[in-house]
Protein chains: 4
Amino acid sequence: MTDPQVLSFRPEAGQFAWTFGGAAPVATITPGTILELWTEDCFAGRVRGPSDLVSQVCEFPYLNPQTGPFYVAGAAPGDTLAVHFISVEPARSWGASTTAPLFGALTSTHLTATLQDPLPEVVWIWELDRAARLCRFQARDSDLSADLPLNPMHGTVGVAPANLEVRSALVPDAFGGNMDTPEMRAGVTCYLGVNVPGALLSIGDGHARQGEGETCGVAVECAMDTVIVVDVLKDLVTPWPRLESDTHIMSAGSARPLEDAFRIAQLDLVRWAAEHTGMSELDAYQFVSQAVEAPLANVVDTNYTSIAMLRKDWLPGTARPLMRGMHEHLREIARQYRGT
Amino acid sequence: MTDPQVLSFRPEAGQFAWTFGGAAPVATITPGTILELWTEDCFAGRVRGPSDLVSQVCEFPYLNPQTGPFYVAGAAPGDTLAVHFISVEPARSWGASTTAPLFGALTSTHLTATLQDPLPEVVWIWELDRAARLCRFQARDSDLSADLPLNPMHGTVGVAPANLEVRSALVPDAFGGNMDTPEMRAGVTCYLGVNVPGALLSIGDGHARQGEGETCGVAVECAMDTVIVVDVLKDLVTPWPRLESDTHIMSAGSARPLEDAFRIAQLDLVRWAAEHTGMSELDAYQFVSQAVEAPLANVVDTNYTSIAMLRKDWLPGTARPLMRGMHEHLREIARQYRGT
Amino acid sequence: MTDPQVLSFRPEAGQFAWTFGGAAPVATITPGTILELWTEDCFAGRVRGPSDLVSQVCEFPYLNPQTGPFYVAGAAPGDTLAVHFISVEPARSWGASTTAPLFGALTSTHLTATLQDPLPEVVWIWELDRAARLCRFQARDSDLSADLPLNPMHGTVGVAPANLEVRSALVPDAFGGNMDTPEMRAGVTCYLGVNVPGALLSIGDGHARQGEGETCGVAVECAMDTVIVVDVLKDLVTPWPRLESDTHIMSAGSARPLEDAFRIAQLDLVRWAAEHTGMSELDAYQFVSQAVEAPLANVVDTNYTSIAMLRKDWLPGTARPLMRGMHEHLREIARQYRGT
Amino acid sequence: MTDPQVLSFRPEAGQFAWTFGGAAPVATITPGTILELWTEDCFAGRVRGPSDLVSQVCEFPYLNPQTGPFYVAGAAPGDTLAVHFISVEPARSWGASTTAPLFGALTSTHLTATLQDPLPEVVWIWELDRAARLCRFQARDSDLSADLPLNPMHGTVGVAPANLEVRSALVPDAFGGNMDTPEMRAGVTCYLGVNVPGALLSIGDGHARQGEGETCGVAVECAMDTVIVVDVLKDLVTPWPRLESDTHIMSAGSARPLEDAFRIAQLDLVRWAAEHTGMSELDAYQFVSQAVEAPLANVVDTNYTSIAMLRKDWLPGTARPLMRGMHEHLREIARQYRGT
C-alpha cells in the first residue's frame with residue numbers, strides 16, 4: 001500500500017455548493033485520496049446568537065452549504081463511491097439550533113399545510129466542550145440546562161443525482177444528500193451509487209449531535225473539521241445509500257410517506273443480507289425481521305429518512321467480505337493517517 | 001408495605017379475549033396485585049411446524065388471544081393504569097414466525113392494495129435455548145442458521161378503548177394494544193390511560209425476539225410465562241401509552257401514515273419532558289429534538305407504532321419523581337417478589 | 001311483485017346508536033322493506049346557533065347519532081346488503097357547520113400532532129330553502145353571503161363491522177360508516193358486505209350539502225327525513241362498500257394515508273369491471289385508468305375515503321345485469337312508493 | 001389590441017427538453033405571444049405497437065420530452081406566468097398506453113418497495129377517431145372493446161423550479177410539471193409562479209384522455225398539436241399552480257402522502273377565495289368546505305397531485321376580476337386567433 005494522497009480544502013466564501021449536481025467540481029481526486037475538509041454549518045454561519053432568526057439572517061435558497069463537489073477520477077455510472085469518515089470534529093466552540101417557520105415535525109409546513117399560525121421562531125446556542133465531549137443545552141424560558149454527549153456527524157453527504165436532475169442540498173434521496181442520520185459519524189463508511197462521471201461528491205451540515213428524527217427540523221448545527229477517505233467500487237450498483245460501521249451494515253431509505261422510507265431501507269437490507277450470505281430473499285426477509293434495528297433519521301426534510309441496521313456478527317455462515325472488504329481497507333488507511 | 005396479593009391465571013381454551021373492550025373480565029384485582037400469567041402465542045398455538053400455514057390452520061378473527069381482561073378495582077376514566085413487567089419468559093422451547101398473505105411491510109396488503117400476487121406463505125420454527133438465552137434461526141431454502149439473543153417481550157398490552165369501541169386484539173392505538181415494541185420487556189412499566197371503569201387490562205402476543213418495525217409482520221411468536229404487577233395512578237390523564245425503564249422514559253404513538261405515529265410519540269414526549277422538568281414546551285421541543293431516540297415498533301399493523309425515548313439521567317434540573325415515583329415503587333415490589 | 005312492507009321509525013331521545021356493532025337492533029325487518037326514517041344531525045341536535053360551540057355543547061363520545069340498527073332477517077355473513085335511497089330531505093329549515101378543535105384537514109389534529117394552537121371555534125348556521133333547493137351561506141366576519149344548491153346526502157350508512165369489533169359512528173371503513181361522500185344521495189343504491197347475522201344497518205349524519213373532501217371536517221349538518229328500501233343479495237361477498245346510481249358504479253375505499261384509500265377504491269372498481277364484463281384484470285386496469293372519475297369523499301375522518309366511479313354506459317360488451325339487477329329492482333320499488 | 005405575435009415551433013429530434021430548469025431556451029417570446037406547438041408523447045414516440053415494451057424501447061432518463069423551454073421576456077421571479085390553452089388536438093390517429101414495471105398505483109414501486117414480482121408489461125394501442133371525438137379501447141386478453149370520449153389534455157406544463165433545482169420532466173411540484181390533471185385542456189388558463197428570469201416554460205405529455213388519478217400510471221399518450229397564448233402578471237406571487245376555466249377556479253397541490261397534496265390545494269383555494277371575495281380566511285374555509293370539488297389528478301408520479309376546484313358563479317359578492325381578468329383577456333385573444 002502506497003501512501004495515500006492527502007488534499008486539504010477549506011472553501012472560501014462564494015466557493016460552496018448549494019445543490020447536488022449542477023455545481024462545478026472544486027477539485028479532481030483519485031480513488032484513495034484523503035480529504036481534510038472544513039464544512040460550514042447549515043445556516044451558512046449566519047446564526048451566531050439568540051437574535052439571529054433564520055427568517056431574517058438567512059438568504060434562501062442559500063442554505064446548507066456543501067464542501068465540494070469533488071470529481072473522483074474513474075468513478076462512472078454503475079460504480080459505487082465509498083466515503084469513509086476518519087474524523088468529524090466541531091470547528092467552533094458552539095453550535096446553533098432553531099425553530100424555523102413552517103419547518104419541523106411538530107408544526108404544519110408548506111406541504112402539511114394548515115391555516116394555523118407558525119410556531120414562534122427561537123434560537124438556542126449550544127456551548128460545545130470539545131475536551132469533555134459535551135454539548136450544553138441552555139433553556140431560553142428558564143434557567144434549566146443540561147449536558148448531552150457530543151456526537152459529531154454529518155447530516156449531508158451525497159453525489160450528483162440521476163435523471164439529469166439538480167437537487168437542493170436540503171434534499172435526501174437515492175443519491176444520499178440531506179439524510180440527517182446520527183449514524184453518519186467517524187468510523188463509518190458510506191456507499192453511494194454513482195450517477196454521473198466523477199460522482200461529484202460533497203459533504204456538509206455538521207451536527208455536534210442530533211436526536212433520531214431531528215424533530216424540530218434542526219440539529220446542533222456547527223462547522224466541522226472533517227477528514228474522509230474516498231474510494232470507488234467499480235461495476236457495483238448501489239441503488240440506495242448504504243453505511244457500514246465496525247459493527248453494523250445499514251441501509252438508508254428516503255421518501256414520503258415515512259412508511260415508504262422504511263420499506264426502501266428494509267428491502268435494501270433484506271437484499272444486502274441475501275446477497276451477502278447466500279440466503280434466499282424470503283429467508284433474509286425472516287432473518288432481518290427479527291434482527292433489524294430501525295432508528296429514524298429525519299422526519300422533517302423534503303423526504304423522510306429511515307435507517308435499517310443489522311449487526312454484522314449476527315449474519316450467518318459467511319466469510320465473504322462485505323462490499324469487497326472496502327470498509328476494512330479504509331479503516332486501515334484511517335489508522336495509518338491518524339498514526340502519522 | 002404489606003405483602004402484595006398474587007393471582008396466578010392460566011386461561012383455559014375458550015377463556016381468551018380476542019378484543020380490547022367487549023370481553024367480560026376473568027377476574028377482579030386490587031391495585032398492587034401481582035399477576036402470574038400464561039399467554040398463548042398470536043396464532044392461538046396453531047402454528048407448530050413448517051406445514052402449518054396461517055391461512056390454513058388459523059381461524060379468523062380468532063388471532064392474537066389475550067390473557068384477561070382483568071378488572072382493576074378503583075380504576076376509573078381519568079386515571080392511569082401502571083403495568084410493570086416483572087418477568088417475561090418463553091413457555092415453550094420454540095417460537096414460530098411466518099409470512100402471511102397480504103400482511104407485512106414488504107408486500108402489498110388489503111389496504112396498500114395492488115394487483116400483484118401475494119408472497120409465498122412460509123413458516124419458520126425458531127428453537128429457543130432458554131438457558132443460553134438464544135433463539136436459533138434456521139433458513140428454509142438453505143442450510144444457513146444463526147443464533148440471535150433471546151429478548152422476550154409482549155407485542156400486546158392494553159385496556160378497553162374509549163368512545164364505546166371494541167377493537168380487535170390486532171390493533172394498536174391510544175389504548176395500547178398491539179404496539180409490538182421490543183421495549184415492552186421485563187423491567188419496564190407501561191402506563192395506559194383508563195377509559196372505562198376497571199380499565200379491563202389484558203396482555204398477549206409474546207415474542208421471543210423481534211426486530212424494530214416487525215418487518216415481515218410476525219415476530220418469533222411464543223407462549224409466555226409472564227409476571228406483572230398492576231397499580232393505579234388516580235386522576236392522571238395519559239392520552240397515549242407511556243413506558244418507563246430504569247434508564248428511559250418513552251412515549252408510543254400509533255397511527256397511519258407512519259409520520260403521524262412519530263408526531264404523536266414525539267409530541268407526547270415533549271410534553272412529558274416539559275411537565276416533568278418545568279421547561280417551556282418550546283424549550284422541551286429543542287431539548288427532545290437533540291436527545292431523543294426514535295426506534296420503530298411496527299410498520300405492519302392496523303396502525304403503525306413509533307417510539308420516542310429519552311434517557312432519564314439527561315433530563316435537566318429536577319428531583320421530582322416521574323409519574324409520582326410509580327416505576328421505582330413497582331421495581332421494589334418486583335424485587336421483593338423475586339426474593340420470595 | 002307484492003306491495004313492500006313499510007316501517008316508519010323516528011328515534012326517541014335515548015334510542016340512537018353511537019356505534020356500528022354493539023347496539024341492540026331497534027327493529028327486525030324483512031328484505032324488501034321500505035324504511036321511513038328520521039335522522040338527527042351529527043351534533044345530536046345541540047348546535048343550534050352561533051354560540052353553540054361543539055367543545056361546549058356536545059358530550060363526547062355522543063356524536064353522530066345513528067338511526068338503527070335494523071336487523072335484516074336472513075342477512076348473513078357472506079351476503080351483501082343493498083340500501084337504496086328513495087329520498088333524502090332536510091327535516092329542518094337550517095343546517096349547522098363548525099370548526100372543531102384539532103379536527104379538519106387544514107389544522108393539526110390529535111394524530112397529525114403539532115405544538116401549534118388550534119384554530120378558533122366558529123359556528124355557521126346555513127338557512128335551507130327547501131322549496132328553492134338552496135342553502136344560504138352567511139359569512140361570520142363580513143356581510144358576504146352566497147346561495148349554494150341543496151344536495152342532500154347521508155355522511156353515514158353502515159353495518160356491524162367484522163372481526164368482533166364495535167366502531168364509533170365517526171369511523172368509515174370496510175363496513176361503510178362515516179364515509180362522507182356526496183354521492184350517497186337519493187337515487188343511489190349502496191351495497192355493504194354483511195359481517196354479522198342480520199347485518200345491523202344504521203344511517204345518520206345528514207348533510208344538506210358537502211364539498212368533496214369535507215375540508216373543514218363538518219358539512220352543512222342537518223336532521224333528515226329519509227326513505228330507504230333494504231334488500232339482500234345472498235352469497236355475494238362485497239369486501240368494500242359499492243354504490244350504484246342510474247349512471248355510475250362506484251367503489252369506496254377508506255384508509256390512511258389517502259393513497260391507500262385511493263388504491264382500495266380503484267382496485268375494487270377494476271375487479272368489479274373485470275368480473276362484470278369478463279375482461280382480464282389487466283385489461284380492466286387499463287380501461288379503468290382511462291375512464292375513472294376519482295372524487296374525494298373525506299380527508300378528515302379516522303380513515304380518509306376515496307371514491308372511484310365509472311359510467312355504466314361506457315362498460316364494454318355486456319348485457320349481464322350489475323349486482324344481479326338489484327339497483328333497477330329497487331328503483332322500481334321506489335317509483336311505486338312515490339306513486340302511492 | 002394589436003395582433004399578437006404567433007410563433008410556430010416543432011422540435012427536431014434532439015431538440016426536446018427532459019427537465020424543468022437546466023435546459024437552454026429554444027426561443028424567446030414576448031408576453032402575449034401565441035405559440036403553435038407540436039409535442040411528442042411521453043415515450044418519445046417509441047411505443048408504437050403492442051410489442052414495444054417501455055423497458056425495452058425507451059431509454060431512461062429520456063422520457064416525457066418537453067417542447068420548450070421558452071424564455072418569456074420580462075417574466076421575473078415574483079411574477080406569474082399565464083398559459084392559456086387555445087387548442088389541444090391529437091397529432092396522430094392513435095395513442096399508446098402501457099403498464100410499466102414498478103410504476104402505477106396498483107403495484108409496488110421503487111418507493112412503495114416490496115418483495116413481490118412486478119405486474120406483466122403490456123401495451124394497449126388506442127385508435128383515435130378525431131372526427132367522431134372518440135378513443136377506442138381494445139382489450140388485449142379478449143375481444144371486448146369500448147369507445148370513450150376524446151378529451152385531449154396536457155399532463156405536463158411547467159416552468160423552471162425554484163431553489164436552484166433542475167427536475168425531471170416526470171415530476172409535478174410547485175413549478176407545475178407533470179401534474180397529469182384532465183383539467184389541463186383547451187379553454188383553460190394555467191397560472192404558474194415564476195422562479196427564474198424568463199420563466200422557462202415548456203409543455204408536453206399529451207393525453208387523448210385520462211382517468212382521474214391516472215391509476216396505471218399511463219394515460220392514452222399521444223403527440224399533440226397544441227396552441228397556447230402566454231402572458232405575464234407582474235408582481236403577483238403564485239405559490240402553487242392555479243387553473244381557471246370559464247366556469248371554475250382551481251388549485252393544484254403536488255406532494256406525498258396524498259393528503260398533503262389535498263391540503264396544499266385546498267389551502268391555496270381557501271386563500272384565493274378569501275383574497276378574491278374579501279372574506280376572512282375562516283369564512284372562506286367554511287365556504288370552500290361546502291362548495292369545493294376535489295378530483296384527483298395523479299396518484300402515481302414522484303409527487304401525487306390533487307385538484308381543488310370552485311365554481312366561479314358561486315363566489316359571493318364581488319365584481320373584482322379574478323387574476324386581474326387575465327383569463328377573459330386570453331379567451332378573447334383565442335377567439336380572435338381562431339377567427340383568423
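1. How many residues of chain D are in contact with chain B? Chain D contributes 14 residues, which touch 14 residues of chain B, contact being heavy atoms within 4.5 Å. The model is predicted, so local features need pLDDT of at least 70 and side-chain atom pairs pLDDT 80 or more, while totals for chains, interfaces and linings use all residues. Residues are numbered from 1 along each chain as its sequence is written, and side-chain values use heavy atoms, without hydrogens and water.

2. Between chain D and chain B about 970 Å² is buried, 58% of it from carbon and sulfur atoms; buried area is the accessible area (1.4 Å probe) lost by two parts on being put together, summed over both. D:Leu106, D:Leu115 and D:Gln116 supply 49% of what chain D buries there, more than any other three residues.

3. Salt bridges (a Lys or Arg side-chain nitrogen within 4 Å of an Asp or Glu carboxyl oxygen) number zero between chain D and chain B.

4. Chain D can be laid on chain B by a turn of 180° and a shift of 0.0 Å along the axis, with an RMSD of 0.0 Å, after least-squares superposition on C-alpha atoms of residues with pLDDT of at least 70 in both. This is the relation of a two-fold axis. The same surface serves both copies, as 100% of the contact residues of chain D recur in chain B.

5. Over all chains there are 24 aromatic pairs, that is, rings of Phe, Tyr and Trp (its six-membered ring) with centres within 6.5 Å, stacked if the planes are under 30 degrees apart, edge-to-face if over 60 and otherwise tilted. One of them, A:Trp126 with A:Phe137, is tilted, at 5.3 Å centre to centre and 45° between the planes.

Terms used
Chains are lettered from A and ligands numbered from 1 in the order in which they are written.
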